[in-house]
Amino acid sequence: MKDVKRTGTVRRATKETKIDLSLAFDGGQSRSIHTGIGFFDHLLDLMAAHGFMDIELRCDGDSHIDAHHSVEDVGIAMGQAIAACLGDKAGIRRYASVYLPMDEALAFVALDCSGRAYLLYDVPIAPGAFVGEMDAQLFEEFFRALAQHAGLTLHIRVLYGRNLHHMLEAIAKTFGRCLADAASDDPRNGGAIPSTKGAFD
């Protein structure tokens, strides 16, 4: 466990969204999330809780158009905050992979805090599918933006599931737990940066 809580703060304003985000690793008990998209708030809450992250997030977006800009821009801000929390990545495990069930659905996430942004998203979602007021396909856009701005190589897959609500919940929980594992201390490397290059740039 890190002696000092790792934190990231992002304030981002465009013509489409205004976002204020504070994120901290090694917590998970303090969560306040308001994006104006109820199911998205729920997914982010699951992600933070199961990833042991404290989070304060407010997004005011152009929801009169649709949820796309808000979901994508929150992904950008989350990625930037995660990058700040990771810092130079000295002493972390760097890699992790997790399988996690949610009732009939099974999700798998593998990630590398590599500094190289890549997303593979293999989730069977029909075009036009909604959960609550959220277009289910937007969760992919969230993770694409997050991976890009956090510098993560990120693979997400739902192996099977029938209930779309459960499938997306499984992804959120699995990603949170996987990130927490990858960002945790690895006592074997003596606090070194886990790269043969000695850096991630």
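Student: At what angle do helix α1 (residues 38-50) and α4 pack, and how many Å apart are their axes?

Tutor: Happy to! The pair packs at an angle of about 35°, and the axes of α1 and α4 are 7 Å apart. Axes here are lines fitted to C-alpha atoms, for helices over the stretch in contact, and angles run from 0 to 180 degrees between N-to-C directions. Helices (H or I, at least four residues) and strands (E, at least two) are DSSP runs, numbered from the N terminus.

Two notes on the source first. This is a predicted model, where local features need pLDDT of at least 70 and side-chain atom pairs count only at pLDDT 80 or more, while totals for chains, interfaces and linings use all residues. Residues are numbered from 1 along each chain as its sequence is written, and side-chain values use heavy atoms, with hydrogens and water left out.

Back to your pair. The crossing of α1 over α4 is right-handed; a crossing gets that name if the near helix is turned clockwise from the far one by less than a right angle, and is left-handed if anticlockwise. On the α1 side, the contact (heavy atoms within 4.5 Å) is made by Phe 39, His 42, Leu 43, Leu 46, Met 47 and His 50. From α4 come His 165, Leu 168, Glu 169, Ala 172, Lys 173, Phe 175, Gly 176 and Arg 177.

α4 has another helical partner, α3. Here the angle is about 15° and the axes are 12 Å apart, so α3 counts as roughly parallel to α4. The classes are under 35 degrees for roughly parallel, over 145 for roughly antiparallel, 65 to 115 for roughly perpendicular, and oblique for the rest. α3 passes α4 in a left-handed crossing. Phe 139, Phe 143 and Leu 146 of α3 meet Leu 168, Ile 171, Ala 172 and Phe 175 of α4 in this contact.

Leaving out residues up to four places away in sequence, Leu 168 touches Phe 39, Leu 43, Tyr 121, Ile 125, Val 131, Ala 136 and Phe 139. Leu 168 is also among the residues with the most contacts inside the largest nonpolar core, alongside Phe 139, Phe 142 and Phe 143. That core has 67 residues, and its largest share, 10 residues, comes from α4 (residues 164-182). A nonpolar core means a set of buried Ala, Val, Leu, Ile, Met, Phe, Trp, Tyr and Cys residues joined through side-chain atoms within 4.5 Å. Buried means under 20% relative accessible area, exposed over 50%, and partly exposed in between (1.4 Å probe, protein chains only).

Arg 144 is partly exposed at 36% relative accessibility, and Glu 140 is partly exposed at 24%.

Follow the chain past α4 and you reach Ser 184, in the segment after that helix. Ser 184 is partly exposed, with a relative accessible area of 23%. Not counting residues up to four places away in sequence, Ser 184 touches Gly 91, Ile 92 and Arg 93. Further along, Asp 186 pairs with Arg 188 in a salt bridge whose closest N and O atoms are 2.9 Å apart. Asp 186 is buried at 11%, whereas Arg 188 is exposed at 70%.

Arg 94 sits in the loop between α2 and β5 (95-102). Arg 94 is buried, with a relative accessible area of 8%, and its phi is positive, near 80°, in a residue other than glycine. A network of salt bridges links Arg 94 with Asp 112 and Arg 116.

Note on methods:
Salt bridge = Lys/Arg side-chain N within 4 Å of Asp/Glu carboxyl O.
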